[in-house]
Amino acid sequence: MGFRERPRGALNIPGYRPAGIFSAGTAQRLVNIEGYMPGREVVILGSGDIGLIMARRMTLEGAKVKVVAELMPYSGGLKRNIVQCLDDFGIPLKLSHTVVDIEGKEHLTAVTIAEVDNHGKPIPGTEERYTCDTLLLSCGLIPENELSRNAGVEMSPITSGPVVNESLETNIPGVFACGNVLHVHDLVDYVSEEADRAGKNAAKFIKGELAEGSSNEIEIVATEGARYTVPSTIDVDRMDDKLTVRFRVGAVYKDSYVSVYFDDERVMHNKKRIMAPGEMEQVILLKDKLTEKPGLKKITVKIENQ
């Protein structure tokens, strides 16, 4: 089912609703597939990867991208996209900024952005007005899980996707989840890897070859900088020899450590030069290490400074 873009209605942007306001994904389809240019003077709100890529795409098609405004104090996209799509083309990125006014009734004529405080509230006196005919919104992606909810699948309030175990199986036996419907990915490689794992386990389930769950289930907890983990639980008896646990951090961390605890014992302590919410992190768990801890109840993933 994938994901959908967060619409303008969820952003509480003041002003009229003129023509010229598009989600970044809609603009991408118009340019790449339909062969239409949404406009010639562009402002982009949000620094998700699609928005960053569209800043470059619109520039290459002859448009003038005046600014990319980002509400958070960090970008939501990959570092390489910031460099290749903004820096290489001289497009400014204004962090901790948002759109506070939209001008134009029939068609967009200008937008005003302003700096925001630590609570996301615009700071008076910091307004900047940009004339433009196009506003692209790249303000986050939401897993498309209406069918999952209607089926009774347990959902994570952090990812807006299903809660899954080591087999990528949900709380409903025989229902598996992978890719962007599970949690929003930054790299398609990870989507393909999850699809492979979910498909194999679904085939095993159909054939009756997927082992029954045991009482040896271990909870995975994300805390102190780590926002969530996929999967959320592990059954050691059913897992493969190696399991990839993916997660995102909640802020920008420099020269910090990804630590993994088996109950209260720290078993991994990997230094990372930089971690950001826009880039997914991962740790590898080995089955033979887990079987050495028969009474293990909880695995904790956290970010530490030393």
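**Helix packing and sheet organisation in the predicted model**

The crossing of helices α1 and α2 is left-handed. In this predicted model, helix α1 (residues 24-34) and helix α2 (residues 49-60) pack at an angle of about 35 degrees, and their axes lie 9 Å apart. On the side of α1, the contact is formed by Ala 24, Gly 25, Ala 27, Gln 28, Val 31 and Asn 32, while α2 contributes Ile 50, Gly 51, Ile 53, Met 54, Arg 57 and Met 58. Sorted by class, the residues of the contact between α1 and α2 comprise seven nonpolar, four polar and one charged.

The two helices belong to a protein chain whose secondary structure consists of six helices and 18 strands. The C-alpha trace of the chain spans about 65 × 45 × 30 Å along its principal axes. Of the 306 residues in the chain, 45% count as buried. Among contacts between residues at least 6 apart in sequence, 61% join residues at least 24 apart.

Strand β9 (residues 134-137) is covered on both faces. In a regular strand, side chains alternate between the two faces of the sheet. In β9, Thr 134 and Leu 136 are buried on one side, and Leu 135 and Leu 137 are buried on the other. Strand β2 (residues 21-23) runs parallel to β9 and is joined to it by three bridges; within this pairing, Ser 23 stands opposite Leu 137. Strand β3 (residues 41-45) also pairs with β9 in the parallel sense, over four bridges, and Val 42 has Thr 134 as its bridge partner.

A further set of five strands forms an open sheet of mixed pairing, in the order β13-β11-β18-β15-β16. Strands β13 (233-235) and β16 (265-275) stand at the edges with a single partner strand each, and therefore one side of each has no neighbour in the sheet. From one strand to the next, the twist averages 20 degrees. Strands of a sheet pair through backbone hydrogen bonds, in either a parallel or an antiparallel arrangement. The pairing of β15 (residues 253-262) with β18 (residues 298-304) is antiparallel and extends over six bridges. In this pair, Val 260 of the sheet stands opposite Val 301 in β18.

Two residues of this sheet were examined individually. Glu 304 is located in strand β18. With a relative accessible area of 13%, which is under the 20% limit, Glu 304 is classed as buried. The side chain of Glu 304 is joined to that of Ser 259 by a polar contact of 2.6 Å, and to that of Tyr 261 by a polar contact of 2.7 Å. When neighbours within four places in sequence are left aside, the residues in contact with Glu 304 are Ser 256, Tyr 257, Ser 259, Tyr 261, Arg 266 and His 269.

Ile 218 lies in strand β11 (residues 217-223). Its relative accessibility is 1%, so Ile 218 counts as buried. Residues up to four places away in sequence being excluded, Ile 218 touches Ser 232, Thr 233, Ile 234, Val 236, Leu 290, Leu 296, Lys 297, Lys 298 and Ile 299. Lys 207 is 11 residues from Ile 218 in sequence, and the C-alpha atoms of these residues are 26 Å apart in space.

Key
Residues are numbered from 1 along each chain as its sequence is written. This is a predicted model: local features need pLDDT of at least 70, side-chain atom pairs count only at pLDDT 80 or more; totals for chains, interfaces and linings use all residues. Side-chain values use heavy atoms; hydrogens and water are left out. Two strands pair if DSSP finds at least two bridges between them. Axes are lines fitted to C-alpha atoms, for helices over the stretch in contact, and angles run from 0 to 180 degrees between N-to-C directions. Buried means under 20% relative accessible area, exposed over 50%, partly exposed in between (1.4 Å probe, protein chains only). A polar contact is a pair of N or O atoms within 3.5 Å; within protein, one must be able to donate a hydrogen and the other to accept it, and residues adjacent in sequence count only if both atoms are side-chain atoms. Contact means heavy atoms within 4.5 Å. A crossing is left-handed if the near helix is turned anticlockwise from the far one by less than a right angle, and right-handed if clockwise. Ala, Val, Leu, Ile, Met, Phe, Trp, Tyr, Cys and Pro count as nonpolar, Asp, Glu, Lys and Arg as charged, and the others, Gly among them, as polar.
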